[in-house]
Amino acid sequence: MADVEKKETVIIGAGPGGYVAAIRASELGQKVTLIEKSETLGGVCLNVGCVPSKALIAAGHRLVEANDASTYGITTQPATIDFAKTQEWKQKKVVDRMTSGVKMLLNKHKVEVIHGEAVLDSDTQLRVMPTGPQQFMSADTGTTIQFDNLIIASGSHPIEIPGFKFDGRVIDSTGGLNLPEIPKEFVVIGGGYVGTELAGAYANLGSHVTIIEGLDSILNGFTKDMVSLVVKNLKKKGVDIHTSAKAISSSQDDNSVSVTYEEDGKQTTIKADYCMVTVGRRPNTDDLGLEYTKVKLDDHGIVQTDIQGRTDSPHIFAIGDIASGPALAHKAFFQGKVAAGAISGENTANDYVGVPAVCFSDPEIAVVGMTQAQAKDKDIEVSTSKFPFAGNARAISLDEADGFVRLIFTKDDKTIVGGEIVGPGASDLVAELSLAVNSHMNVEDIALTIHPHPTLSEPVQEAADVGLGFPTHI
């Protein structure tokens, strides 16, 4: 039997939840060991998810701007793109820089990092196995670790659908971010966050994109008048959108993939260079050895926890995509800090009401708190107020006047319970509304906060003025 190493706080997974939990736990005086099965740190988000996708989105915007600046009286020659250089920039200047930054931060906080695959033996013990297939396995294989506390942040993986095995020209979002060339024809199955963002990015880069979505709308979780602006913009780029459509099958050769889908009872087959499937993700809880612990899962593989992330095994916590709440990196950040604080005895708690959600579409969408419909479902009487970016000097000067800011607030005391933004800079502006929701601010608090002029932040204050019944610029 191999020797047993004793550790204080062990964390499985070095993604957004795991590495932040490790840093916070170290800051609180814990001795931390972080186990990561990949060679790089930062998880899906940093390596093959939200960060590199934003780099491709930015490249697409630059190409569009370079090709047509006639609105500003600027005449340009048709721009060209060296996609290999774009991919090199994305990898070396963005991804590698960010992951090396995570490594530096972990070293700074004296976090021990072990590369390997963690499998639980019990509520207090795990083994770290070498990654990849092993020719010979025994009871002594790997390193056995006994822990005082464990935080599981193992993340999630893309869901495959029948007829679309990830292979060759049928790819997941990781493959979509690492294509060797810009496809002439690109099929995206699934019109959620990821599918819509990358569909827009590749449309900007020059692809003809087809989106196949099973529900009656892309970005189904957002309010319809916000989504309609994104749909309008995608169609302007030449994107074909098929909703209430079902992907049936795929076939491929060395040069193309054929995708068959059904819409209105009729089957259609289209040919493309690549087909990307983005229909959701499943939590990585299947191969952790959780069956040897008291940890319980729901029917979707999500770990059941209390408000601090603690499982039915009191010294095991779960955060990030394997825990309740939206599968967002910033939610994992927060949960990691909460779990680390709970281990140190702090009175921390997770609160999902104030978690903002952002889609980096054209235009961007950002929301926080409750929608009007969600408030109604909870028997909360609310009113709304809205201000358009068309009334904002900064948005007009940027030639990005589509969109609006909407506040959702209680009828009695005008407490802000939700906010919705679609338009330029929405991803940054939503932070103010997140603060308002989390702090239980009312409409007057926003209206009395002086916002600089001319900036994109002013529509937030203007929407509050509308809510008070004293609009200025509409």
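This is a predicted model: local features need pLDDT of at least 70, side-chain atom pairs count only at pLDDT 80 or more; totals for chains, interfaces and linings use all residues.
Reader: How many disulfides does the structure hold?
Author: The structure holds one. Cysteine 45 and cysteine 50 form it.

Reader: What makes cysteine 45 and cysteine 50 a disulfide?
Author: Their sulfur atoms are 1.8 Å apart. A disulfide needs the sulfur atoms within 2.5 Å, so the pair counts. The angle about the S-S bond is -75°, and the link is left-handed.

Reader: Why is cysteine 45 called buried?
Author: Its relative accessibility is 13%. Buried means under 20%, so cysteine 45 is buried.

Reader: Why does cysteine 50 count as partly exposed?
Author: Cysteine 50 has 32% relative accessibility. That value lies between 20% and 50%, so cysteine 50 is partly exposed.

Reader: How do you know that cysteine 275 is in no disulfide?
Author: The nearest cysteine sulfur, that of cysteine 359, is 19 Å away. The limit is 2.5 Å, so cysteine 275 forms no disulfide. Cysteine 275 is buried, at 0% relative accessible area.

Reader: What about cysteine 359?
Author: Cysteine 359 is in no disulfide either. The nearest cysteine sulfur belongs to cysteine 50, 13 Å away. Cysteine 359 is also buried, with a relative accessible area of 0%.

Reader: Which residues form the negative surface patch?
Author: Asp377, Asp379, Glu381, Asp412 and Asp413 form it. Asp and Glu count as negative, so the patch is called negative.

Reader: Where is aspartate 379, and why is it called exposed?
Author: Aspartate 379 sits in the loop between helix 9 (372-377) and strand 20 (382-388). Its relative accessible area is 72%. Exposed means over 50%, so aspartate 379 is exposed.

Terms used
Residues are numbered from 1 along each chain as its sequence is written. Side-chain values use heavy atoms; hydrogens and water are left out. Patches are made of residues with over 30% relative accessible area and no salt bridge: like charges are joined within 9 Å, nonpolar side chains (Val, Leu, Ile, Met, Phe, Trp, Tyr) within 5 Å. Accessible areas come from the Shrake-Rupley method with a 1.4 Å probe; for residues, only the protein chains shown count as cover. A salt bridge is a side-chain nitrogen of Lys or Arg within 4 Å of a carboxyl oxygen of Asp or Glu. The place of a charge is taken as NZ of Lys, CZ of Arg, CG of Asp or CD of Glu. Helices (H or I, at least four residues) and strands (E, at least two) are DSSP runs, numbered from the N terminus. Buried means under 20% relative accessible area, exposed over 50%, partly exposed in between (1.4 Å probe, protein chains only).
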